Amino acid sequence: MENISFRNDVLPLKNVLYRLALRITLSHEDAEDIVQDTLIKVWNRRDDWHDIGSIEAYSLTVCRNLSLDRMKRADAANQTIGDDEAGKADSGRDPYERMMQRDRVEQVRRIVDSLPEKQKSCMQLRDFEGKSYKEIAKALAMSEEQVKVNIFRARQAVKQKYNEIEGYGL
């Protein structure tokens, strides 16, 4: 790839990288640290950028790997994303509806957080970041078919678990 600019091509990725790191680590502080580490690693490889097919896919791969390494070092299984990521309920609703909406969002978030890492990463990149199957496959070093299977399974698991919770009121 020619003429890659850190300022124009890499820095704009920081929000996508943050959301990916947050989805994996479930920690705002860890996600921020991982984004910084990712940007440093990408910068340090600047002499090799011409050999990299997609700077975005490379950056996402570095971020994912750093996030997974962080998860291996720290047991973060019981942490959850804070309420500010739950999405803001419509202020025009009555308090009961707002509470129910927050509870539903929290349920879905817990279900997504409990998915296997590959499914969670694929779903994050596809459904929350809007990446194509090809981009996800490249970033996560898997085939497009594997990406599609992981996304399908993730969506099915979320749907099934959510319906079970709603049906049983647990």
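Reader: How many disulfides does the rule give here?

Author: The count is zero disulfides, where a disulfide is a pair of cysteine sulfur atoms within 2.5 Å. A word on the basis: this is a predicted model, where local features need pLDDT of at least 70, side-chain atom pairs count only at pLDDT 80 or more, and totals for chains, interfaces and linings use all residues. Residues are numbered from 1 along each chain as its sequence is written, and side-chain values use heavy atoms, leaving out hydrogens and water.

Reader: Why does C63 count as buried?

Author: Buried means under 20% relative accessible area, exposed over 50%, and partly exposed in between (1.4 Å probe, protein chains only). C63 has 0% relative accessibility, so it counts as buried. C122 is also buried, at 0%.

Reader: What makes the pair of F6 and W43 edge-to-face?

Author: Rings of Phe, Tyr and Trp (its six-membered ring) pair if their centres lie within 6.5 Å; planes under 30 degrees apart are stacked, over 60 edge-to-face, and the rest tilted. The F6 and W43 centres are 5.2 Å apart with planes at 75 degrees, so this pair is edge-to-face.

Reader: And how are W43 and W49 arranged?

Author: They form an edge-to-face pair too, at 6.3 Å centre to centre and 75 degrees between the planes.

Reader: Why is W43 called partly exposed?

Author: Its relative accessible area is 37%, so W43 falls in the partly exposed range. F6, at 19%, counts as buried, and so does W49, at 7%.
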